[in-house]
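Subject: Structure for you, with notes

Hello,

Below is the structure, with the sequence alongside. My notes on it follow.

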Amino acid sequence: MDIKFTKAATLKEKPDSATLGFGKIFTDHMFMMDYSADKGWYNARIVPFAPIPIHPASTVLHYGAEIFEGLKAYRCADGKVQMFRPMENIRRLNRSAERLCLPEIPEDIAFEALTEFVKCEQDWTPSAEGTSLYLRPFLFGNDESLGVHTVHNAVFVIIASPVGSYYAEGINPVKIMIEDEDVRAVRGGTGYAKCGGNYAASTRAGERAAQKGYSQVLWLDGVERKYIEEVGAMNVMFLIGDEVVTPMLSGSILPGITRMSCLEVLRNEGYKVSERLLSIDELAEAMENGTLKEAWGCGTAAVISPIGELCYKDKKYTVNNGEIGTLTQHLYDTLTSIQWGKTEDKYNWIYKLDK
Ligand SMILES: *Cc1c(COP(=O)(O)O)cnc(C)c1O
């Protein structure tokens, strides 16, 4: 693929690692590529980071035709930059595209776009402990007409943002509110697609939880409001007795790459792991009788996020005395040491930029 490069006239100063936060600072360039039904994907380019002009009738503004991905580039101790399972993000992007009738991108083209863009911006990968370069590929429908139909025009963009350590003040277990009113997704809907619309629909419950002092919402299934699904932007796992339980991928849950990686590690190390239905009643009972040992969320941003408190119908349950559990810590250490290249990559998950 021919990627046209237009260098930014002035390069920005790299920020101090302590001030990064999440997704507020962007690098000098962005990748863009257009799609039309006649030409397919064309005009791949890396251009200065700037606002994107958009037609007021563009599909994305009216009908929410947008999907995205989230992954990170990590700087290792030897100064080299690497990515964690980027091909999985590309495959998931295409599964999301299929669900929303957006054009898929051939895997080799998407991979080249991603790796060439990261090579271009790799100097922005911070090196302080726990920091990384967050990559946000996104794809949206861009027909300049209000008719409702499968789009004929689309745009694929990748932007990058240096992000701070999620746990700058140490790993603090989070308080989660189990939502029994709003639902995030239903089977047959878009729950398994990483699309902006899912987030738009979940904001209200998130706001309500925040007002009560909870950092995220744990969703129940959209039909019976009985089975555990996932947390906000993370999948969820529970250690009940000696069994690690995570909701099975039923179609309404986002198939997280961190989730998949945790399951591979746990199975490889001989833990008893079940992907199955987990009802709120079973979870409540496990919390009452003390068999719930640990609970954690997993997703690219935080990697592993221990859950210290769960609230359901105004009843509060403390998990593991509000502290991070042994297995939770083990998963965090295992994944992060592979991501930052501190241990051997025995699962073959790492893509090194220059090899
Ligand atoms: C992205 C996302 C996740 C986590 O997926 P990872 O690939 O592990 O980052 C979980 N749930 C939702 C709703 C998401 O959007």
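Which residues form a nonpolar patch on the surface? Y63, L146 and V148 do, with about 320 Å² of accessible area together. Such a patch takes residues with over 30% relative accessible area and no salt bridge, joining like charges within 9 Å and nonpolar side chains (Val, Leu, Ile, Met, Phe, Trp, Tyr) within 5 Å. The areas come from the Shrake-Rupley method with a 1.4 Å probe, and for residues only the protein chains shown count as cover. Y63 lies in helix α1 (residues 59-63) and is partly exposed at 41% relative accessibility.

The model is predicted: local features need pLDDT of at least 70, side-chain atom pairs count only at pLDDT 80 or more, and totals for chains, interfaces and linings use all residues. Residues are numbered from 1 along each chain as its sequence is written, and side-chain values use heavy atoms, with hydrogens and water left out.

Buried means under 20% relative accessible area, exposed over 50%, and partly exposed in between (1.4 Å probe, protein chains only). Helices (H or I, at least four residues) and strands (E, at least two) are DSSP runs, numbered from the N terminus. Contact, or touching, means heavy atoms within 4.5 Å.

Core

The largest nonpolar core has 35 residues, of which F31, M83, L135, L139 and F156 touch the most other members. Elements giving two or more residues to this core are β2 (29-36), β3 (40-48), β5 (71-75), β6 (81-84), α2 (86-99), α3 (107-121), β7 (132-141) and β8 (153-163). Helix α3 supplies the largest share, five residues. A core here is a set of buried Ala, Val, Leu, Ile, Met, Phe, Trp, Tyr and Cys residues joined through side-chain atoms within 4.5 Å. Leaving out residues up to four places away in sequence, F156 touches F31, M32, M33, W41, L93, I105, A113, P137, F138 and L139.

The 14 residues of α2 should span 20 Å at 1.5 Å a residue, and its end C-alpha atoms are 20 Å apart, which agrees. The expected span is 1.5 Å times one less than the number of residues. Buried residues of α2 are P86, E88, N89, I90, R92, L93, N94, S96 and A97. After the helix comes C101, with a positive phi near 55 degrees.

E88 is buried at 18% relative accessibility and touches I257 and M260, not counting residues up to four places away in sequence. Its side chain meets that of R91 in a salt bridge (3.4 Å, N to O); the term requires a side-chain nitrogen of Lys or Arg within 4 Å of a carboxyl oxygen of Asp or Glu. E88 and R91 are three residues apart in α2, about one turn of the helix. R91 also forms a salt bridge with E107, the closest N and O atoms being 3.7 Å apart. Because E107 lies in α3 and R91 in α2, this pair ties together parts that are 16 residues apart in sequence.

The structure holds 19 salt bridges. One of them joins the side chains of E179 and R208 (3.0 Å, N to O). E179 is in strand β9 (residues 174-179) and R208 in helix α4 (residues 196-211), so this pair ties together parts that are 29 residues apart in sequence. E179 is buried at 6% relative accessibility, whereas R208 is partly exposed at 28%. E179, D182, R204 and R208 are linked in a network of salt bridges.

Loops

G70, in the loop between β4 (66-68) and β5, is buried with a relative accessible area of 5%. Excluding residues up to four places away in sequence, G70 touches N89, R92, Y134, L135, P137, K194 and T300.

The loop between β10 (216-220) and β11 (228-231) holds G222, which is buried at 18%. G222 and A185 are 37 residues apart in sequence but 5.9 Å apart in space, C-alpha to C-alpha. R225, in the loop between β10 and β11, has a positive phi of about 50 degrees although it is not a glycine.

N321 also has a positive phi without being a glycine, at about 55 degrees. N321 is in the loop between β17 (315-318) and α7 and is exposed at 65% relative accessibility.

Regards
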